[in-house]
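Please read it alongside the sequence and the 3D view.

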Amino acid sequence: FVIPKNLDFELQTDFRKIFYEKVTFNDVRGAVDIRNQSVYLKQLSMKGMGSDMNTTLVYQAKSPEEGFAGFDFRLHNINIGKLVDFAPSLDTIDFNVAAAASLDSALNIKIPTMRSAIHVKGDSLVLMDGETFAEISKKFFFKNKKRNMIDSISVNIGIKDGNVTV
C-alpha cells in the first residue's frame, strides 16, 4: 500500500495493556510517525510473552509496484516457560534481529534484496530430553556428553544476497 504524499502524522503511544489474539502486551510505549510517504515505529517498547521487547521499523512505498521495509527487533530476558509450556527450561535468552528488504506489490520480500543480522544468546539451557542432548552434544563436540546443561550459547546469523551464514 502506498502512503499518501500529503500525510504528516505523529502519535506518541503509552498503553498500559494491549490484547492481540491470546497475547497481552503491557507498558506499550513509543512513537508512530507517518511522513515522506513512510511509516516509522520509533523505539517502540513493550512487555509480553515473558520478555521485554524493543523495535524500530520503517515501511516506505511511493508506488504500488514496490516498497521497502526495515526493522530492528530485540527480545530480552525471555522466559521460555511462558512462551511454550513444553520448551526446555532456560534461565535467560536474548534475541536481536535487524533486517531490510525491498517488497513487491503483494508485500512479499524480494529475497535477493534482503539483508539481515541475527544474534541469539542464552545462558543455563537445560535439555530435558536425553536423546536430544546426546544428538546436540555430538554435533557440537561437547566435552561432557553426560551433563544435559549448556552453560551458555551464542549464535550469529547473517543473510545477504540470498545466502545464510551461521
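A salt bridge is defined here as a side-chain nitrogen of Lys or Arg within 4 Å of a carboxyl oxygen of Asp or Glu. This is a predicted model, in which local features need pLDDT of at least 70 and side-chain atom pairs count only at pLDDT 80 or more, while totals for chains, interfaces and linings use all residues. Residues are numbered from 1 along each chain as its sequence is written, and side-chain values use heavy atoms, with hydrogens and water left out. A search of the whole structure finds 8 salt bridges.

- D14 forms a salt bridge with R29, the closest N and O atoms lying 3.0 Å apart.
- Because D14 lies in strand β1 and R29 in strand β2, this pair ties together parts that are 15 residues apart in sequence; strands are DSSP runs (E, at least two residues), numbered from the N terminus.
- D14 counts as exposed, at 55% relative accessibility, whereas R29 counts as partly exposed at 40% (buried means under 20% relative accessible area, exposed over 50% and partly exposed in between, with a 1.4 Å probe and protein chains only).
- R35 forms a salt bridge with D8, with 3.3 Å between the closest N and O atoms.
- R35 belongs to strand β2 (residues 23-35) and D8 to the segment before β1, so the pair ties together parts that are 27 residues apart in sequence.
- R35 is partly exposed at 27% relative accessibility, and D8 is exposed at 56%.

- The side chains of K110 and E66 meet in a salt bridge, 3.6 Å from N to O.
- This pair links distant parts of the chain, 44 residues apart: K110 is in the loop between β6 (89-103) and β7 (115-126), and E66 is in strand β5 (residues 66-76).
- Both partners are partly exposed, K110 with a relative accessible area of 30% and E66 with 41%.

- T13 is placed in strand β1 (residues 9-20) and counts as buried, at 9% relative accessibility.
- Beyond its neighbours within four places in sequence, T13 is in contact (heavy atoms within 4.5 Å) with V28, R29, G30, V32 and L44.

Technical notes: Helices (H or I, at least four residues) and strands (E, at least two) are DSSP runs, numbered from the N terminus.
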